[in-house]
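Colleague: I would like to go through the side-chain packing and the charged pairs of this protein. Please show the sequence and the structure before we start.

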Amino acid sequence: MAGKTLVAVFSASGVTKRVGEEIARISGGDFYEIVPKEKYTSVDLNYMNSKSRSSVEMTDPDARPEIAGSVEDMDSYDTVIIGFPIWWGVAPRIIETFLESYDFSGKTIVPFCTSGGSGVGRSDTALHKNVSGNVKWAQGVQINRPDKAAINRMLEKVL
């Protein structure tokens, strides 16, 4: 991969984090976990409850959960691989918070998702609206486990 790579992931259950750590290891990139300022509890993540925190956030397109911490020296990265679980068919709102927090001009963004039921779907292109400037977007892929072959296939597309 040309230049310096950041693998940034949000993971509520640990699945996406494990995949992201393996992507960072294989790519030689730096790993950054997108951690919400207020961590999600199992009650918050109950998608069967329309009043749960995640349900409320996902039904509000303007919701932007706060992130604890930030990426140091984002300008030094040429490629940002961003991982997330699929919630309600798209990326969780905290991914929009992350994308709106930095200038990605001149960078390549490579989205990947984990999902127990659906693929990357429209989350791949829906995130484009959260980034301004000259950004190269790679096609999003679904990788549900730290599978070396699947990760290498994804990385080959963005070399």
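Colleague: Leaving aside its neighbours within four places in sequence, which residues is Met74 in contact with?

Modeller: The model is a predicted one. Contact here means heavy atoms within 4.5 Å. With neighbours within four places in sequence set aside, the residues in contact with Met74 are Leu6, Val80, Phe98, Tyr102, Phe104 and Lys107.

Colleague: How many residues does the largest nonpolar core have?

Modeller: In soluble globular proteins, nonpolar side chains tend to be buried together. Met74, Ile34, Ile95, Phe98, Leu99 and Phe104 are the residues with the most contacts inside the largest nonpolar core. The size of this core is 31 residues.

Colleague: Which element gives the most to this core?

Modeller: Two or more residues each come from strand 1 (5-9), strand 5 (79-85), helix 3 (93-100) and strand 6 (108-114). The element that gives the most, with four residues, is helix 3.

Colleague: How many residues are in the other core that lies apart from it?

Modeller: Among the residues of that other core are Ala138, Ile151, Met154 and Leu155. It lies apart from the largest one, and its size is 16 residues.

Colleague: Turning to charges, how many residues apart in sequence are the parts that Asp30 and Lys4 tie together?

Modeller: The side chains of Asp30 and Lys4 meet in a salt bridge, at 3.9 Å from N to O. Asp30 lies in strand 2 (residues 30-33) and Lys4 in the segment before strand 1, so the separation in sequence of the parts they tie together is 26 residues.

Colleague: Where does Glu100, the salt-bridge partner of Arg64, lie?

Modeller: The side chains of Arg64 and Glu100 meet at 2.9 Å, N to O. Arg64 is partly exposed at 29% relative accessibility, and Glu100 is partly exposed at 42%. Arg64 lies in the loop between helix 2 (53-59) and strand 4 (67-68), so the pair ties together parts that are 36 residues apart in sequence, with Glu100 in helix 3.

Colleague: Is Asp147 buried or exposed?

Modeller: Asp147 forms a salt bridge with Arg145, with the closest N and O atoms 3.2 Å apart. Arg145 counts as exposed, at 53% relative accessibility. Buried means under 20% relative accessible area. Asp147 has 19%, so Asp147 counts as buried.

Colleague: Which residues do salt bridges that share partners join into one network?

Modeller: Side chains of opposite charge can pair when their charged atoms come close. The structure holds twelve salt bridges. The residues joined into one network through shared partners are Arg64, Arg93, Glu96, Glu100 and Lys129.

Notes: Residues are numbered from 1 along each chain as its sequence is written. This is a predicted model: local features need pLDDT of at least 70, side-chain atom pairs count only at pLDDT 80 or more; totals for chains, interfaces and linings use all residues. Side-chain values use heavy atoms; hydrogens and water are left out. A nonpolar core is a set of buried Ala, Val, Leu, Ile, Met, Phe, Trp, Tyr and Cys residues joined through side-chain atoms within 4.5 Å. Buried means under 20% relative accessible area, exposed over 50%, partly exposed in between (1.4 Å probe, protein chains only). A salt bridge is a side-chain nitrogen of Lys or Arg within 4 Å of a carboxyl oxygen of Asp or Glu.
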